[in-house]
Amino acid sequence: MKDTEGYVTADGRQIGGQLMELKNITLKFGGVTAISDISFDIHEGEIRAIIGPNGAGKSSMLNIISGFYTPTEGELWYKGEKRPAMKPYEIARMGVARTFQNIALFEGMTVLDNVMTGRLTHMNAGIGAQALWWGKARDEEMENREKVERVIDFLEIQNIRKTPVGRLPYGLKKRVELARALAAEPSILLLDEPMAGMNVEEKEDMSRFILDVNDEFGTTICLIEHDMGVVMDLSDRVVVMDYGKKIGDGPPDEVRNNQDVIDAYLGVPH
Amino acid sequence: MLKDIFVTPFADMVAAPDFLLQVLWEGLVSGILYALIALGFVLIFRSSRIFNFAQGIMVVFAALTLVGLHSFGIPAWIAVVLTLGVMYVLAMSIERVVLRPLVGQPDIILFMATIGITLFLIGGGEIIFGGENKVMITEELGIPTGDSVLEPWGGLLILQHLDITVVVVAAALVAVLLAFLNYTQMGRAIRALGDDHQAALSVGISLQTVWVLVWFIAGIIALVTGIAWGARAGVSFALEVIAYKALPVLMLGGLESITGAIIGGLMIGLLEKLFEIYWGQPLLGGNTETWFAFVLALVVLLFRPQGLFGEKIIERV
């Protein structure tokens with residue numbers, strides 16, 4: 001396997017080896033080709049961004065990684081093994097956590113309960129033991145609770161722990177969704193437009209949290225974002241997509257000067 | 001007339017407190033069974049947005065299976081375990097054959113599907129066990145049948161041992177279910193699934209596992225209510241009606257609310273009994289228990305359309 005060595009970022013951080021590799025991914029919906037023949041990889045500990053204009057196929061790509069879509073062609077390698085077609089919940093249990101573009105939270109439940117569902121992937125005790133609040137189930141619940149409280153502290157949402165999520169403003173909901181994904185202690189954290197629809201202040205907060213998460217827990221993050229400024233500041237490496245094709249891949253500075261990328265964003269006749 | 005409505009009943013209550021206690025006790029017994037059945041409805045609704053029309057027939061089916069197995073010479077307690085097994089297989093088959101192909105369909109389609117399950121179970125039950133009335137195997141299960149007579153304030157209070165058992169078992173089951181739903185990860189998964197399927201998948205919840213589980217819980221509830229009600233009224237297809245008594249409970253409590261189901265069930269059990277004895281029999285010729293709960297629910301809905309405990313729906317425009 002090529003390129004399994006790590007690399008050093010512009011600001012001097014050491015990035016680990018390859019964690020996930022997508023090889024020649026193609027996705028078709030009937031006659032429409034949403035993604036055609038795209039390959040790229042994600043290294044351990046890096047912040048990897050996927051950018052591109054509307055309809056470029058970014059969200060589809062994220063949905064392939066998290067298993068909501070199955071690619072028509074191509075292979076996905078994860079931790080050095082080829083990943084077979086699996087259901088989204090099975091992939092979640094392999095350490096892939098995600099947030100959604102249009103917020104998918106459990107509106108009727110409190111913030112605390114929502115974040116606790118993030119720990120479901122770490123549930124081992126049998127249903128019977130859980131029903132009776134028995135030995136292992138009990139220890140597990142305590143341990144999960146402790147980890148969840150840490151995440152809640154970290155994202156500064158202690159004061160709304162017991163509030164039903166349905167009552168929260170948009171920016172906070174996004175943060176709760178991040179907390180839930182983080183509670184799973186994922187190997188890869190997928191963020192689908194974490195800053196969409198936010199005001200400047202909320203965007204700054206969210207950027208800070210993303211950087212802190214990466215820094216503090218060493219979490220590998222793959223994110224999609226529209227806001228070019230934000231992406232360039234946050235990410236270590238960027239994939240640029242346009243009309244389902246990959247038109248650029250590399251560190252932000254390199255991508256910024258790529259003629260195809262400039263064309264895609266400023267618009268030239270295709 | 002006004003005196004008959006507003007004064008006499010209360011005067012009677014004060015004059016004979018032991019009788020009032022007797023009435024309340026009987027109300028509590030039916031109330032806790034209503035609460036239990038309503039909980040079965042709420043669980044399935046919360047995890048799949050399905051209003052399970054088949055809950056009533058599941059009560060009949062569970063009771064019939066138990067009595068049927070026993071009539072083949074299987075000891076009572078082993079028959080209970082086997083019946084639980086049958087309810088589990090039923091839950092699995094419903095998930096595999098009915099729910100899984102219908103994922104993502106409109107609610108009304110899923111509701112119609114549960115009517116289909118109802119008809120299937122009625123037909124299947126009659127073919128396998130026959131349509132005639134049967135007697136619940138109360139004694140074989142070791143459920144006490146005598147009664148205790150208490151004398152509060154020199155009066156008279158009769159507690160059937162069967163009723164005491166029902167109250168204790170049902171209350172224990174409700175308590176275990178509540179703890180399970182609120183303080184365990186699987187319980188959280190059940191509550192989460194109904195809110196957002198996509199999000200549930202993304203945190204590793206398997207739709208299939210949760211659905212089988214809630215239908216199995218509904219099956220356990222069906223068996224317990226089947227035994228309790230069957231011991232009083234015999235096992236026949238008419239038992240199905242008890243599940244429909246849970247409908248006003250759900251209207252009162254809201255389809256989403258677990259606490260609502262419990263409080264609503266107890267309230268209806270108590271109020272319908274009180275109304276029957278103190279207002280229904282002297283003023284309306286009795287037999288008000290068949291309709292009282294529905295009228296009560298209607299009145300509540302007039303003032304609180306979301307039920308007593310349901311989430312208020314605020315439409316953003």
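Predicted model: local features only at pLDDT ≥ 70, side-chain atom pairs only at ≥ 80, totals over all residues.
Figure 1. Chain A is built with 10 helices and 12 strands. Its radius of gyration comes out at 19 Å, close to the 18 Å that the globule rule gives for 270 residues, so chain A is as compact as a globular protein of that length. Draw a box along the principal axes, and the C-alpha atoms of chain A fill roughly 65 × 40 × 40 Å. Of the 270 residues in chain A, 41% count as buried. Looking at contacts in chain A between residues at least 6 apart in sequence, 67% join residues at least 24 apart.

**Figure 2. Here is chain B as a whole.** Chain B has 14 helices and two strands. A compact globule with 317 residues would have a radius of gyration near 20 Å, and the 21 Å of chain B agrees with that. The C-alpha trace of chain B spans about 65 × 60 × 35 Å along its principal axes. Take the contacts in chain B with a separation of 6 or more: 74% of them are between residues 24 or more positions apart.

**Figure 3. This is where chain B touches chain A.** On the chain B side, 24 residues are in contact with 29 residues of chain A. Three helices of chain B, namely H7 (161-183), H8 (185-195) and H9 (197-202), each supply at least two residues of the side that touches chain A. Which helix gives the largest share of that side? That would be H8(B), with seven residues. Sorted by class, the side of chain B that touches chain A has 12 nonpolar, six polar and six charged residues.

**Figure 4. Helices H3 and H10 of chain B pack against each other.** H3 covers residues 17-48 of chain B and H10 covers residues 207-233. Their axes are 9 Å apart, and the packing angle is about 165°. That angle is over 145 degrees, and H3(B) and H10(B) are therefore roughly antiparallel to each other. H3(B) passes H10(B) in a left-handed crossing. On the H3(B) side, the residues in the contact include B:Leu33, B:Leu36, B:Ile37, B:Gly40 and B:Leu43. Among the residues they meet in H10(B) are B:Trp211, B:Val214, B:Trp215, B:Ala218 and B:Trp229. By class, this contact of H3(B) with H10(B) has 17 nonpolar, four polar and no charged residues.

**Figure 5. Helices H12 and H14 of chain B run alongside each other.** H12 of chain B takes in residues 246-253, and it packs with H14(B) at an angle of about 15°, with the axes 9 Å apart. An angle under 35 degrees counts as roughly parallel, and H12(B) and H14(B) are therefore roughly parallel to each other. Their crossing is left-handed. From H12(B), the contact is made by B:Pro248, B:Met251 and B:Leu252. From H14(B) come B:Ala293, B:Phe294, B:Leu296, B:Ala297, B:Val300 and B:Leu301. The residues of the contact between H12(B) and H14(B) divide into nine nonpolar, no polar and no charged.

**Figure 6. Helix H14 of chain B also meets helix H13.** Here H13 (residues 258-284) and H14 (residues 292-303) of chain B cross at roughly 115°, and their axes come within 10 Å. The crossing of H13(B) and H14(B) is right-handed. Who meets whom? B:Ile268, B:Leu271, B:Glu272 and B:Phe275 of H13(B) meet B:Phe292, B:Ala293 and B:Leu296 of H14(B). The contact of H13(B) with H14(B) splits into six nonpolar, no polar and one charged residue.

**Figure 7. Two asparagines, one in each view, have a positive phi**. A:Asn24 has phi near 45°, a positive value in a residue other than glycine. A:Asn24 sits in strand E3 (residues 18-29) of chain A. Is A:Asn24 buried or exposed? With 12 other C-beta atoms within 10 Å, A:Asn24 is exposed. Over in chain B, phi of B:Asn287 is near 60°, again a positive value in a residue other than glycine. B:Asn287 is found in the loop between H13 and H14 of chain B. B:Asn287 is exposed too, and 11 other C-beta atoms lie within 10 Å of B:Asn287.

Technical notes: Residues numbered from 1 in each chain as written. Chains lettered and ligands numbered in written order. Axes fitted to C-alpha atoms, helices over the stretch in contact; angles between N-to-C directions. Helix = DSSP H or I, 4+ residues; strand = E, 2+ residues; numbered from the N terminus. Parallel < 35°, antiparallel > 145°, perpendicular 65-115°, else oblique. Left-handed = near helix turned anticlockwise from the far one by under 90°. Contact = placed C-beta atoms within 7 Å. Nonpolar A, V, L, I, M, F, W, Y, C, P; charged D, E, K, R; others polar. Rg over C-alpha atoms; globule rule 2.2 N^0.38 Å. Buried ≥ 20, exposed ≤ 12 C-beta atoms within 10 Å, placed from the backbone.
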